[in-house]
Structures are given as C-alpha cells and as structure tokens.
Amino acid sequence: MGSERTPHILIVNQHGENRGDEAAMRAMLGSFVEELGDVSFTLLYQFQDRSLRLSFRENVRDLPIVIPPREALGMVMFGAARRGGVSVEGLLGRTTRAIIDAYEKADLVVSAPGGPYFGDIYRNHELVHWFYIWLAALYQKPLFLYAPSAGPFETAWLNPIRRRLYREFDVLCAREELSASYIRGLLGEGADVHVTADSALQQAFDAMPRSEYFGGDRSGLADKFLVAVSLNDYGYPGDADVAAKKRNYDDAMVEVLGHLAKRRDSHLLLLPQLYGRAHRDAPYLERMGRRLPSEVSWEVVDGNLGSDDQRRIFAMCDLHLASRYHPAIFGSSGLTPGICIYYEHKALGFMQQLGLERFAFDIRNVGAPELCTALDEVLERREELVSLLEARIPPIREASRQTTKLAVDLLRRAMPEGERR
C-alpha cells in the first residue's frame with residue numbers, strides 16, 4: 001500500500017517578460033494550490049534577459065529554457081537516445097539534467113496558459129515548444145493543455161507534427177472558441193476541446209486606492225478621470241509596409257487620446273507590459289506620451305510593478321484602452337469598461353465571450369474616427385457597461401476555474417490510488 005505524497009506538477013512553455021503571461025501563470029499556480037493544498041511545481045520559463053527571476057508564494061522551482069546551444073543540443077540528443085532505449089547522462093548539463101529530473105518526477109505536465117506558441121504566429125520557434133511536449137510523451141506523463149490560445153495552422157509542413165503532438169495531450173483546453181475551432185480544424189471535428197477562459201480571470205483584484213497611488217503633491221490627480229492605457233509597438237509581421245502601418249497606429253492613438261482629453265478632465269496611466277532588458281516597452285510609451293498635446297495629463301507607470309499591482313491599477317481607473325490582450329482582461333475583470341485593439345484572435349475571442357466585440361478593432365486596419373466614435377459610446381454608456389461587466393465576468397471566471405478542475409481531475413486519475421492526497 002502506498003503512502004500519500006505531495007503531487008509534483010511540471011509547467012512548460014511559460015512565456016516570460018510579459019505582465020499578462022505572468023498574471024495567467026500566477027492565477028494558475030494559486031488555483032492549483034486551492035484545489036490540491038500541498039503541491040510542488042517546477043516551472044520552465046523563457047526569459048531572454050537571464051538576470052530576471054520571479055518570486056512566488058507557492059512551492060515553485062524555476063528553471064530556464066533559454067540555455068546555451070550546446071546544452072540544448074545535448075538534451076535533444078539525450079531525448080533521441082532515450083527514445084531508442086538508451087540513457088546517455090553525459091549529454092546533459094547542469095540545467096538540462098534538472099529539467100529531465102523534473103520530467104521524471106512529474107505527476108502531471110502542463111503546457112502553460114500563454115499565447116499561441118502552437119500556430120503560425122510563432123512558427124519560428126514553435127518546434128522548441130513542441131519538444132517539451134514530446135518529452136512529456138516520451139516519459140509517458142499525463143499531459144494537459146492549460147487553456148492557451150492556438151492557431152492558425154496554415155504552415156503545411158508543420159501540420160503533421162502538430163497533429164501528432166496535439167494528440168499526446170490527455171486533455172485539451174482552449175481559452176476561447178476561436179482557438180478551439182483552429183484545433184478542431186487541425187485534428188478533425190471529433191476532437192474533444194474544452195473551451196474555458198483565460199487563466200488570469202480566475203483571480204479578482206480590488207481597486208488600488210487612489211490615495212495609495214497618488215500620494216503627496218500628486219494628490220490632485222486622484223480627482224481626475226483616470227484612463228489605463230496599453231499601447232503596442234506592433235511589428236506587423238508579413239506586411240509589405242511595416243513603417244506605414246506603425247505610423248497609422250501611432251497617429252491614431254495620439255488622436256484618440258487627445259480626443260479623450262477634450263471630453264473629460266483625464267489623467268492617462270500608460271502601463272508597460274514588457275519588462276527586462278530585452279523586450280521592455282516603457283521607452284515606446286514615453287515617446288508616445290511626448291507626442292500627446294501639451295494639455296494632456298499623462299505618466300508612464302513604474303515598469304517594476306508586477307501583474308498583481310497592474311490589475312489593481314486597472315480596477316482603479318474609470319476607463320481603459322487596451323492594445324494588448326491581457327490589458328483588456330485586466331480592465332474588464334476589474335469592471336473598468338473600455339475598447340480593445342487586437343493583433344491576435346485571442347483578444348477578439350475574449351471580447352466575444354463578453355459580448356462586447358462591438359468595441360474590438362483590428363490593429364492592422366485601425367482608424368482614429370471609428371475609435372473616437374467607439375470611445376464616445378463607452379463614455380456615454382459607462383455605467384451601463386460597468387453593470388454589464390458585473391454580470392458577465394463571474395460566469396467567465398467560473399469557466400476559467402474549470403480549467404484547473406479538469407487538470408486536477410486528470411492528476412488524480414493518473415496518480416496511484418494509495419498515493420493520492
């Protein structure tokens with residue numbers, strides 16, 4: 001008869017240097033602890049800035065997947081040798097040995113709730129993320145897709161690999177219907193894909209008191225109409241004239257924010273989403289702020305604030321304008337109405353879940369007139385939209401929590417009966 005032990009969950013494909021992915025991960029970790037009590041995690045994270053580390057309330061060991069090419073090649077060769085029934089420990093370095101140990105000890109392997117690592121949008125490094133799924137299959141571990149976005153799947157040479165490895169998952173969850181439909185289209189309509197919701201929605205945050213944010217000689221700003229702003233220096237991959245697209249977006253944002261300042265006595269809070277030395281977007285926000293008319297009140301929020309504090313700031317504001325996916329979630333889940341400018345289908349899918357796709361706009365074809373019209377409508381209907389969010393966020397939050405319940409059910413079915421807590 002076995003003895004009870006602490007379950008060990010290995011989390012792979014966690015995206016770093018992004019406050020949105022951080023929020024989704026933190027909510028996932030917290031919800032596993034709520035369901036399981038004592039549980040340990042190994043988190044494989046991707047930080048281009050290797051000096052960055054996150055702190056956790058949970059029992060987490062974090063390991064980098066950005067490793068020297070020689071170590072990475074050695075781990076691939078180790079996996080290939082083990083697939084042939086041979087274990088060649090000498091191929092592993094210190095970090096890759098720790099990664100393999102995590103697979104060996106895992107009771108469940110979870111692919112993290114991030115962006116569409118599996119799909120054409122990130123196909124230049126997609127095979128890296130499939131490799132970590134293949135390792136789970138190699139070690140015959142229960143494998144759970146924790147409600148990321150997915151697709152599209154138009155790169156023909158990758159699709160056989162995608163089909164083969166998607167089928168290794170014991171349970172597939174997507175965070176919105178558009179991603180689920182891409183997976184079903186790839187695997188066939190009979191594929192069982194659960195549609196839940198973004199992991200970050202599992203957590204609710206109270207608004208940060210304005211007196212806490214605006215202290216001392218800044219207290220007068222607390223009386224203004226506060227707007228949480230997420231701007232995106234998007235790269236427009238595949239577009240024939242990227243510079244023109246960037247100018248169009250930047251000009252539109254300056255016009256829209258100037259329009260808002262004329263409508264309300266506003267203070268704009270520009271919130272960085274990317275941080276670290278490799279990807280930080282605060283300099284872009286500063287440049288955009290300096291382009292605003294001189295009468296517009298604005299600031300760039302401290303980029304060192306983590307996702308929890310950012311969510312409290314979004315909830316503190318009266319309105320949000322989101323050009324990224326998770327800021328739209330931060331705003332809406334904080335009951336702060338706004339508009340969403342999306343660059344991937346995941347954000348449109350979220351706005352459809354809310355029934356507010358009327359306020360979603362494609363960044364590739366965005367124009368100031370339509371944005372100003374939508375913004376005016378949000379201002380005029382603000383109280384109605386707050387009430388609508390109060391009604392619609394709770395069932396979406398419950399759908400998000402269902403992701404963890406499905407994962408925990410898989411874990412409990414997979415662990416030997418005498419070892420279950």
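The model is predicted: local features need pLDDT of at least 70, side-chain atom pairs count only at pLDDT 80 or more, and totals for chains, interfaces and linings use all residues. Residues are numbered from 1 along each chain as its sequence is written, and side-chain values use heavy atoms, without hydrogens and water.

**Exercise 1.** Find how helix α1 and helix α10 pack.

Solution. 
- Locate the helices (DSSP runs of H or I, at least four residues, numbered from the N terminus). Helix α1 spans residues 19-36 and helix α10 spans residues 307-316.
- Take the axes (lines fitted to C-alpha atoms over the stretch in contact) and the angle (0 to 180 degrees between N-to-C directions). The angle is about 105 degrees, and the axes lie 9 Å apart.
- Classify it: 65 to 115 degrees counts as roughly perpendicular. α1 and α10 are therefore roughly perpendicular to each other.

**Exercise 2.** Name the residues in contact between α1 and α10.

Solution. 
- Apply the cut-off: contact means heavy atoms within 4.5 Å.
- From α1, list Arg19, Glu22, Ala23 and Arg26.
- From α10, list Ser307, Asp308, Gln310 and Arg311.

**Exercise 3.** Is glutamate 22 buried or exposed?

Solution. 
- Recall the scale (1.4 Å probe, protein chains only): buried is under 20% relative accessible area, exposed is over 50%, and partly exposed is in between.
- Glutamate 22 has 4% relative accessibility, so this residue counts as buried.
- Leaving out residues up to four places away in sequence, glutamate 22 touches Gln14, Leu54, Tyr275, Gly306 and Ser307.

Technical notes:
Helices (H or I, at least four residues) and strands (E, at least two) are DSSP runs, numbered from the N terminus. Angles under 35 degrees count as roughly parallel, over 145 as roughly antiparallel, 65 to 115 as roughly perpendicular and the rest as oblique.
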